[in-house]
Amino acid sequence: MAGLRARTGRFGQVRQMKRIPLCVPVLKGNEARYLAECVDTGFVSSVGPFVERFENEFAKWVGARYAVACASGTAALHVSLLASGALPGTTVPVADFSFIASVNSVVYTGATPLLVDSEPTTWNMDTELLHDHVVSLARAGAPLPPVIEVVHILGTPARIEPLLALRERFGIKIVEDAAESLGATFPDGRQVGTAGELGCFSFNGNKLITCGGGGMIVTNDADLAQHCRHLTTQAKLPGPFYRHDAVGFNYRLTNVAAAVGLAQLEQIDTFLETKRKIAACYRSAFASFPVSAPHAHPGARASHWLSSFTIDHDDRAALVATLDAAGVDSRPVWQPAHEQLPHVSQPRLGSSVAERLGRTGVSLPSSADLSDADIDRVTEAVQQHLTPVTSS
Ligand SMILES: *Cc1c(COP(=O)(O)O)cnc(C)c1O
């Protein structure tokens, strides 16, 4: 019992302290000033200078030539998949273990998602497994996917090389769902979201930077950028008339949202620094405990948007309850898409790793303004709950 630390004694104090939320926005930059500018100038809809400024600054920051602002990350994915040839009758491989929007956006296009299992290291789609599957489809003369949606979950880059090989060999396009991993980099130093034809980001309230709600598509292809922009603006042709050449969408970001996004982008480097510090503190504090974190492949660098762990030999629900009593928010990770009602009958490629992650994964507080004292409170609460692994 030597490993178990006292759980009493602190409880009374802890209860007085403010709750530590899971992941909340930090709005301490120019947000209010830019919003006031929107009101003062009357530019509140999707016409307005902040939209273009946000697009330009965002493209520059991630190192892409073009950026198209969207109403949400989900809208960015939908449009990107459509622009990449996802159609009824085609199959689009996507991560089984992700936030539901990754898979829903495939279904919006009428294509069938192929739910691909995770790899244990990064928790991302097993791109080697998918590579071999596609090669065997090609050998059998079966139809190939027009596009693959690779998701970089929880701040960790997926292994992109096997997908680049498929693109090279078969011309399969790549759409990156980088909604959770803005700021993470591939081994060659490029930002996630810039290796595929199209990269998608989210500025939902809990993401690295927020617009309240919003998204972005980035690309280096001028025609694709133009096509995506067209689809987000009701496919309206230029000029004063209401003429449209396709079924488009009302997916543009508003100037009000872009104003917040631009102010957030100005603070992104400090947000990233804090997220990485939080992850490093948690990892060193839990080094001798039975928890595992996802790891980026050699040379790749995670953004650590949300610090998550698998609880290897313990009851996750009990840990969440203990943390809750200590005033610390935590949250189980997603279940794989194939366990979600709308997607139970979708085809899949493997599933055991995704199922294990879904059963044992839990996310810990990761807000970009988490203080050192807050981090200590979280780590102590987790340590008090878990028994260290005794090394002999
Ligand atoms: C948040 C998220 C999205 C969707 O972004 P919204 O802006 O909420 O529509 C898509 N994919 C992943 C992996 C996400 O985490």
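Accessible areas here come from the Shrake-Rupley method with a 1.4 Å probe, and for residues only the protein chains shown count as cover. On that basis the protein exposes about 16,900 Å², with carbon and sulfur atoms supplying 54% of that area. The structure is a predicted model, in which local features need pLDDT of at least 70 and side-chain atom pairs count only at pLDDT 80 or more, while totals for chains, interfaces and linings use all residues. Residues are numbered from 1 along each chain as its sequence is written, and side-chain values use heavy atoms, with hydrogens and water left out.

As for the overall fold, the protein has 13 helices and twelve strands, taken as DSSP runs numbered from the N terminus (helices: H or I, at least four residues; strands: E, at least two). The radius of gyration is 22 Å, close to the 21 Å that the globule rule gives for 392 residues, so the protein is as compact as a globular protein of that length. That radius is taken over C-alpha atoms, and the rule is 2.2 Å times the number of residues to the power 0.38. The C-alpha trace spans about 75 × 65 × 40 Å along its principal axes. Of the 392 residues, 54% count as buried, buried being under 20% relative accessible area, exposed over 50% and partly exposed in between (1.4 Å probe, protein chains only).

Charge can be summed up briefly. Lys and Arg count as positive and Asp and Glu as negative, leaving out His and the chain ends, and each charge is placed at NZ of Lys, CZ of Arg, CG of Asp or CD of Glu. The mean positions of the 33 positive and 38 negative charges are 2 Å apart.

Next, the cysteines. With a disulfide taken as a pair of cysteine sulfur atoms within 2.5 Å, the count comes to zero. C23 is in no disulfide, and the nearest cysteine sulfur, that of C211, is 15 Å away. C23 is buried, at a relative accessible area of 14%. C200 is likewise in no disulfide; there the nearest cysteine sulfur belongs to C70, 7.3 Å away. C200 is buried too, with a relative accessible area of 1%.

W123 is not a glycine, yet its phi is positive, at about 70°. W123 sits in the loop between β3 (112-116) and α6 (127-139) and is buried at 3% relative accessibility. L154, also a residue other than glycine, has a positive phi near 55°. The loop that holds L154 runs between β4 (147-151) and α7 (161-170), and L154 counts as buried at 4% relative accessibility.

Helix α6 itself contains H131, which is buried at 19% relative accessibility. Leaving aside residues up to four places away in sequence, H131 touches P162, A165 and L166.

Finally, P290 lies in the loop between α10 (268-285) and β8 (291-292) and is buried at 11% relative accessibility. Beyond residues up to four places away in sequence, P290 touches T310, I311, D312, H313, L386, T387 and V389. P290 and T360 are 70 residues apart in sequence and 12 Å apart in space, C-alpha to C-alpha.

Technical notes: Contact means heavy atoms within 4.5 Å.
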